[in-house]
Amino acid sequence: MAVVVVESPAKAKTINKYLGPDYTVLASFGHVRDLPPKDGSVDTDHEFAMKWEVASDSKKHLRAITEALKTDNELILATDPDREGEAISWHLTEALAKSIKKDTKVSRVVFNAITKTAVTEAMKAPRAVDMELVQAYLARRALDYLVGFNLSPVLWRKLPGAKSAGRVQSVCLRLIVEREMEIEAFRAREYWSVAASLRTPRAQVFDTRLTILGGKKLDKFDLETAVDAEMAVQAVTSRTFTVKSVEAKPGTRNPAPPFMTSTLQQEASRKFGMGAKQTMSAAQRLYEAGHITYMRTDGIDMAPEAVMAARDAIKDRFGGDYVPPSPRMYKNKAKNAQEAHECIRPTDMFAAPEKLRITDGDQRKLYDLIWKRTIASQMAAARLERTTVDVASADGQVELRATGQVIQFDGFIKVYEEGRDDTADEDGARLPQIVPGEAVTLAAGGQEDAFAKAAADEDAVIEAPATGGLRRHAAAIADAAGAVLGQQHFTQPPPRYTEATLVKRMEELGIGRPSTYASIVTTIQDRGYVTKDKNRLIPQDKGRLVTAFLSNFFHRYVEYDFTADLEAELDDVSAGTRDYKDVLARFWRDFSAAIAETADLRIGEVLEKIDDFLAPHLYPAREDGSDPRICPACGTGRLNLKTARSGGAFIGCRNYPECRYTRPLAGENGADDGIPPEGQVLGIDGGDQITLRSGRFGPYVQRGEATDEVPKPPRASLPKGWAPETIDLERALTLLALPRPVGPHPDDGAMIEAGIGRYGPYVKHGSKYANLPDVEEVFTIGQNRAVEVLAQKQQRGRTVAAALRELGEHPDGGPVQVMAGRYGPYVKWAKVNATLPKDIEPETVTLEQALALISEKAAKGGKKPAAKKTPAKKAPAKTAAKKTPAKAAAKKAPKKAAARKPTASKPAPG
C-alpha cells in the first residue's frame, strides 16, 4: 500500500474514493512548517539560511503520516499543482526525513482536476519534487519575512499606531490611497448635451443627439453653460430636417476567454458582489469536490479533450448552429509557463448547474458562472448589424445622429455576457425603418420623461415657458413641445476601487500572483488600513499615514515598477533561469541600507514629512479663502499633525497648551459631525458655559474652559447612538453629572453608583462592577434594580459547573471527572483539563482512558498539580512536591525522556 498526502480532508475524501483500498489518503492540513515569527528566522549573514518550525497543530498530522509509513513503504505527495503545493510537498519530505525508512519510495504527482481519470492518470506519472518551484517559494517567503520583520518595527517606532507593512500589501495600499487622493483633488467640469426625438413619415419615433452646430462638429465641452445649451436647443427647434445618410455595417462579437484566477474574482465581484476571499473559498470547495479544475492559475488555455467536450455539449444543448467551424484556442498569457495551469473550467462539460444541485449558495452561483463562461468561450460569435443615421438641416448648420444595433444571431450571448466595470452605453437600441432623403419632424413629448426625471433628480423648480417657448430648470432646458432637451452634466472623478477592479489593476501592473490576490486584499482590510463600503475600498487615516511614511522614507519599495520587476525575477527563479539567493542578496543589500538610514529619524521629522504629503487631505481649502492651517479656535496658531500616547494621530494647534484645539484627521469639522471647530454653546449652568465639541475620539460635552487653575475641565463623551444634533443643555448636564449616586447598598450601606465607562454602561458597588444592557438605564436605574443586577453578576461568578460523571481517584490523589465545556466535553483532574477526542463519548470514557489523556496533556506543558506529600523523613514537602511528578514521568517513559534530553540543547535546524 502507498500513503498519499494531500492538503485538506475534503480533497482526501474525494481522492480516497477514486484510489480504493490499496491507498491510504491523509491530509497535511496545509503547510506543516513555517518561519517562526521572531528575529533570526532568515539568517542574512549565512546565505539566507532559514530556520523552520513545525506548527503545533501540524505535529499530530505528521504523526499520523509517520504511523502510516511504518506499515507502508511508499509516500506519494499529491498536493496542489502550483508553487505553494510544491512547497508543501517539500516541507513534508523535510519534516518526515527522520521518520521515512531508507527503502521508502517518495514521489510527487500532480493533477489539475480531482476526477477519477485525472487522479488515476497522475498516479501513472510520478516525478520528484520540483526544486525550482520550491526555490521560488523560498525566495518569496524570505522576502516577505525580511520586509515584515525589519520594516514593521520601524513603523511601530516612528509612526505610533501603525500595525505592520508587507512587501506587496504596501504597494496595493498605495494604489487605494492614491486613487482616493485623485478623487479629493478632482474638480468637476460642467458640460451640456442636446438630444431630440424625431418622427419618420411612418410615424415611428427615434432618438438622436446633436453632433454638429453652426457647421462645426461638437466636442464634449463645446456646450459649457446653460446659455450655450439654450442656444443649441433653439437652433434645433427652429429648423426642419432631412435624413442625410443611413449606414448599416455588419459586425461580430466574440466570446471572452475562459476564467483564470483574476478574471474569476473580477466577474464574481461584478455579478454577485463577492469579495476575492469569498470567491476563492467557494472555488476551493468546488475544486475539492471534483466539480472544477484548479482555481489558482494565470492560464486561459484549455485541454484539447475539454475543448471537444465543450463543443459536444454545445451541439447537444443548443444545436449545430452554435458550434463554430473550428475550435477556439486561447493563448496562455502567463509570463512563466512553469507556474501556469489550465483555465478554470468544469470537469464535466455536460454537468450543467441545474444537474449538480449544489446546496451552498456561493458555490452554486460560482459554478453557474464558471460553466456558462466556459461553454460560451467555445460557442459561435454573435452577429450584429450596427446602423448610423445622420439627420441634417437644410442649411447644413445643424446635424443630429442616431445609432442602433440589431442582433441577427445571438451566438454565445444566448448563454453568457461578460460584466463591465464602466457604465458606458452600447450603440443603442433597434432603429425603425429610415430612408435616406426623407423628411423627419420633431416628435412632441419624446423627451418629456427625461426632462421631468432631470428635474426630479435635482429637486428643481421648472420655470414656465417664456419668450421662445423654452422651459428651464437648474439641470435641463426643453422646448415647449418636449421634443428637444438640453441636459446638464458634470465630469465624474475616477471611481474608488472595488476588489475586482483592484485585482485587475494589480494584474495590469504585474503586482502579485493568482495565489496572493485574495490574501493581499484581505490583509489590508484586516489591519484597518482600508474599509469596504458598498463594495468600494476606502482608505482609512491609518492607511494614509502608512502610505505617506513609506512613500517618503522607503519610496523605492512601494514603486509599482520595482515590485513588478521583483515579481518577474521571482518568475525567473521558478523557470530555473535565476538563482534565488542572488535575488535575495541584491534586495537585502539595498533594503538593509534603507532601514539603517531611518535609525536616527525623530518622530517630529516623520510627522513633518507626512504632514506635508497629506496636506491636501488634512487641510482642505476653506470656502472663505482663508489659510486652512490657521487654528479656528485661537486664530493665531497653526495646525499640524500630532500623535497620541495611545497610538494614532490627530490634528492639533501649535499653541498648545494655551490652545487645546484638536480634531480627527478626517475633515475640518471633525468626522463630519456638523460641530463648529470652536464648539457649540448649549447654555449656561452655574456660571459655566456648557459646550458640545468634537475631539479626536469623537463628540463630547464640556463644562467651562481650560484655565491655569483647571487645565482639564469636566468632559463627557457622547454615548454610542447619541447623535450630536440631539444634544441639548439638559442631556449634556446629565452626562456631566455621571457617575450618579443610586442609593446605599443594603448589605453595608456603601453608595451604589451608575455611570458610563470604557466598556459601556455599568453600576458599581465598592470595587464590584456589573454591566447594564442599555445606556439609557444609567439615568433611570433605581436602588432595587441596581442591587438585583449586582447580585446576578456575583451569582454568575460563583457558578461552578457540575461534573457529568465521576470516574474515580487519580493514582496521585484527587477525583477524575468528566465535564461539559464550552468547546466540548473534557476530563478534569485537579488543574489539568484534557479535551475528549471526537471518537470517545463522555458517557463511555473509562478511567484508564482519562488517565492517559491527562498524562498526555500534562506532558505537553499543561499545569501539573502538586503530588501528595511523601513521608517527612525524605525531603521537605516543597521539594518533594516539585520532584515527584518528574520522577513519575521518568519512571513511566524512561526511553522517551532519554531520547528527548540531547535534542533540547540543539540549535533550531537551518
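These notebook entries concern the nonpolar cores and aromatic rings of a predicted model.

Entry 1, basis. I took local features at pLDDT of at least 70 and side-chain atom pairs at pLDDT 80 or more, while totals for chains, interfaces and linings use all residues. I numbered residues from 1 along each chain as its sequence is written, and I used heavy atoms for side-chain values, leaving out hydrogens and water.

I looked up nonpolar cores (sets of buried Ala, Val, Leu, Ile, Met, Phe, Trp, Tyr and Cys residues joined through side-chain atoms within 4.5 Å). Buried means under 20% relative accessible area, exposed over 50%, and partly exposed in between, with a 1.4 Å probe and protein chains only. The largest core has 81 residues, and L159, L502, F549, F554, F591 and I610 touch the most other members. Helix α5, residues 131-158, contributes the most, with 13 residues; helices are DSSP runs of H or I of at least four residues, strands runs of E of at least two, numbered from the N terminus. A separate second core of 60 residues includes V323, L366, A380 and V415.

I paired rings of Phe, Tyr and Trp (its six-membered ring) with centres within 6.5 Å; planes under 30 degrees apart are stacked, over 60 edge-to-face, the rest tilted. This rule gives 18 aromatic pairs. Y191 and F221 are edge-to-face, at 5.6 Å centre to centre and 80° between the planes. Y191 lies in strand β9 and F221 in the loop between β11 and α7, 30 residues apart. Y191 counts as buried because its relative accessibility is 16%.
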